[in-house]
Amino acid sequence: MACLFPGFLHGADYNPEQWLSRPDILQEDLRLMKEAHINCVSVGIFSWARLEPEEGRFDLDWLEEIINRLYENGVSTILATPSGARPLWMAHKYPEVLRVSSQLTRNRPGRRHNHCYTSPVYREKVRIIDTKLAERFSRHPAVLLWHLSNELGGQCFCPLCQAAFREWLRKKYGSLDALNEAWWTDFWAHRYTDWSQVEAPVPSGETEVHGLNLDWKRFVTHQTVDFARWERDAVKAVNPQLPVTTNHGESYESINYFRYRDVVDIASWDSYPLWGKDPDEAETGQQTAFAHDVIRSIKRAPFLMMESSPSATNWQEVSRLRQPGVQMLAAMQAVAHGSNSVQYFQWRKSRGSSEKFHGAVVGHDGRSTTRVFQEAAQVGERLERLAPLLGTCPRPQAALLYDWENGWALNDAQGPRNCGMHYLETAMAFHKAFWRLGIGTDIVDMDGSLEGYRLVAAPMAYLLRGGFAQRLREFVERGGVLLGTYWSGIVNETDLCFLGGVPGDGLSQVFGLESEEIDGLYDGQENSLLPLGGFLPRESYRLFQLCDLVNLNGAQPLAVYGKDFYQGRPALAVNRFGRGKAYYLAARGEQALLNDLIARLCREAGLQPALDGVLPEGVAAVRRDGEPAAVFVQNFRPAPVQVPLNRPYVDFESGAAVEGSLSLSPFQVRILL
C-alpha cells in the first residue's frame, strides 16, 4: 500500500449514480470530502444498470466525469467491478444467471448477490463490463486499485452448479470407487454407481453423508473464489499492474477466506461490530480484533478496512449509535492490527430503499456540523499524522489455528454435543487470552506456513488435512511450543475417522498420549481442573461442555480432573518432543484457565508483549512492527484508566515523554514509541 498512496486511505463507499439528477449535491460532496479529510472513495459497486442500461450499450462517460472531478479535488478512486448486482434486463433475458435455492426453485430477479457464479452467460457478461471498465480507467492516475464485486458469497443449486460440482469431484477423486470410499457411502446403502446420481446436499435430499456435505462447502468456496479469479483475470488482462482486492464480510460459516490468498493482491473486509451492545466495549473489541487478525493473516501483510459504519447500521438487530469516541477507537484499532485504511459505508445516506437509514458520514440533512461528520473528520486528520507508520505491520510470533474446513466438519459431526460444539467461540477465547496480554497473533489455517512462530495454539483440530499434522510435528521438533486440545485429530480430510487411536496422523506421538473417549456435558454441568505442583496460579478452574479422557504415553501430567468417574485422570499434560514441547488441554475451561495457561506458555516461548507494563481489564496493546515500531494502546472502557509502565515511552503524536503510567480517557487510543 505504501507504493499506492503516500498515506493511510480515508474514505467511503460513494454512490454518485443515485444523485446524477442533483448536480448541486455532487458538487457539495466535493467540498464536504475536503472538510472530512477524505482522500479516496470506492465507486461503481452497484452501478451496472447505469453503466450498461441496455445489453451492449455502455455509458461510462458519467463515471469518468465523476472520477475526474474527484481527482481534481484530491480524492482518488477505488474502482469496483459491478458484478455484485446485475441489471434487471439481464435477469429477464437470461434467467440462468439467477440462483436456484436449496429448495430447488429458481429465484426471481431482485436483491443483490442473486446470481450464479457458474453460469457461462453471467461470467461472459461480467467479463465484458469488466474489460470495458479496465480499458477506460485502469491507467487513470486517480484509480488506486480494483474492488472486485462486493462481499462474495452464497450458494446456487442450479443444474449448472450441480454439473460443475460433479466435474470438480471427478477431478478430485478420479473414480466413483474412490469417492465412495472417501465418503463411506456403504452406510445406509447410499453407494453411488453413476456420476449423475451425485447431487448437492439439500433439505429434501441427502444430508447425512458427511463427506458430501463437506465437499459441497469446499466446492462452493472453490466456485466463489474462481469467480473472483475470473474477474481478476479480466481486468488484469488490460493492465496487469493495477492491484486487486475483494471485500469480505465477517462470516465464519460460508466461504473459506484463506482460499483468496493467491487471488487478491491486498486482503480487505467490511467491519460491523455490535458496538454499544454492552456498556464495556472490551468484548466487542476483542471479537473485532480477532476478525482483523484473520484478514491480515490471509496475506500476512497490511490489509484494508473497506467498510465500517460511522454511526448506526440499519440491518443489525438494534441500530445503536456509537458512543462519543468509539468511532475513533474503532478506526485506530483497525490501523493497529495492520489496516492501511479506514473507510465507511457510506459517504452520503441513500434517500430510499433498504439502506436509507444506514449510518453515513453525510446524513439526509447534508450538514457537516453533525457529531458523526466531525468525528469522521477527526479520524481523517489523525490518519494524516500517522503517515510515517504506513510501512509497518504487526509481525506476530504466535499463531492461532482457525480453519474453515475444520469448522464445517466439526459442526456437522453429530456428536459429542449436538447442542453446540462452539469451535468459533473456542478459537476466540484462545485469541482473547493472547489479546489481553498484548501478545500479537496471526490466524492460520491448515494450509498455512508455521515458519517464524514460536508458539502455536491449535484448539479443536478435529479434521486434519493438507499435511498439517506433519507441519505441527516439525514445528515442535525444531523447538516450538504447541498447545493442542480435546477433540483433535479425530478424522482425516474426507471426514473419515482415524483407526488405531487418536489424535491421529502421528499427533499422538507429538502429544505423548491417546484419547480413549470424550464426555459431552449438558449445559450447566461442570467438572474442575486441579493443577499439580503449582504449574498454574490457581488451585482450581471450571471445566464444561467437553472432557477428554486420555491415557499418557510419555507425556507428563500437569493437572487432573476434580470429580466424576474420571477424577484424578490427566486434564492437562506436556510432552517433550524433539527440541520443543507439546501441551494438551483435555477439556474446555473457563477464560481464566486459558489466560493463565497461555500467559505461562508465552513466557516459556520467550514472547514479549507489545507494551512493557500491566494492561488493566478492557485495555489492549497492539504493535505495528517496523521502522518506527509503534504500540497502539486502546481503552475499550467508558471510564478513564491508568496503565502502569515498566519503561519510558514517547507519545508518537505529541512527542511528549511518557513515564510511570499512561493515562487513557474513555475509549481513547494513544500511540507510543
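A: Arg259 has a relative accessible area of 34%, so this residue is classed as partly exposed; the value, like every other one below, is computed on a predicted model. The partner of Arg259 is Asp447, with which the arginine forms a salt bridge whose closest N and O atoms lie 3.0 Å apart. Because Asp447 sits in the loop between strand 11 (441-444) and strand 12 (455-458), while Arg259 sits in the loop between strand 6 (247-248) and strand 7 (268-271), the pair ties together parts of the chain that are 188 residues apart in sequence. Asp447, with a relative accessible area of 30%, is also partly exposed.

This pair belongs to a network of salt bridges, whose members include Arg259 and Asp447. Also linked in that network are Lys172, Asp215, Arg218 and Arg261, together with Asp403, Glu405, Asp445 and Arg465. In general terms, side chains of opposite charge can pair when their charged atoms come close. For the structure as a whole, the search returns 44 salt bridges.

The side chains of Glu64 and Arg136 meet in a salt bridge with an N to O distance of 2.8 Å.

Asp293 and Arg296 form a salt bridge in which the closest N and O atoms are 2.6 Å apart. Since these residues are 3 positions apart in helix 9 (residues 282-299), about one helical turn separates Asp293 from Arg296. Both Asp293 and Arg296 are buried, which in this accounting means a relative accessible area under 20%.

Some points of backbone geometry deserve a careful look when the model is inspected. Most residues other than glycine have a negative phi, and most peptide bonds are trans. Leu104, although not a glycine, has a positive phi of about 65°; this leucine lies in the loop between helix 4 (88-93) and helix 5, and its relative accessible area of 47% makes Leu104 partly exposed. Ala189 likewise has a positive phi, of about 55°, without being a glycine; the alanine is placed in the loop between helix 7 (176-183) and helix 8 (210-236), and at 68% relative accessible area Ala189 is exposed. Phe345 and Gln346 are joined by a cis peptide bond with omega at about 15°, and Gln346 falls in the loop between strand 9 (339-344) and helix 11 (371-385). A cis peptide bond also joins Val502 to Pro503, with omega at about 5°, and Pro503 is found in the loop between strand 13 (481-485) and helix 15 (507-511).

The setting for these details is a protein chain with 16 helices and 27 strands. Its radius of gyration is 26 Å, which agrees with the value near 26 Å that a compact globule of 673 residues would have, and its C-alpha atoms fill a box of roughly 75 × 75 × 40 Å along the principal axes. Of the 673 residues, 60% are buried, and the accessible surface comes to about 25900 Å², with 48% of that area belonging to carbon and sulfur atoms. Among contacts between residues at least 6 apart in sequence, 72% join residues at least 24 apart.

Key
Residues are numbered from 1 along each chain as its sequence is written. This is a predicted model: local features need pLDDT of at least 70, side-chain atom pairs count only at pLDDT 80 or more; totals for chains, interfaces and linings use all residues. Side-chain values use heavy atoms; hydrogens and water are left out. Helices (H or I, at least four residues) and strands (E, at least two) are DSSP runs, numbered from the N terminus. The radius of gyration is taken over C-alpha atoms; the globule rule is 2.2 Å times the number of residues to the power 0.38. Buried means under 20% relative accessible area, exposed over 50%, partly exposed in between (1.4 Å probe, protein chains only). Contact means heavy atoms within 4.5 Å. Accessible areas come from the Shrake-Rupley method with a 1.4 Å probe; for residues, only the protein chains shown count as cover. A salt bridge is a side-chain nitrogen of Lys or Arg within 4 Å of a carboxyl oxygen of Asp or Glu.
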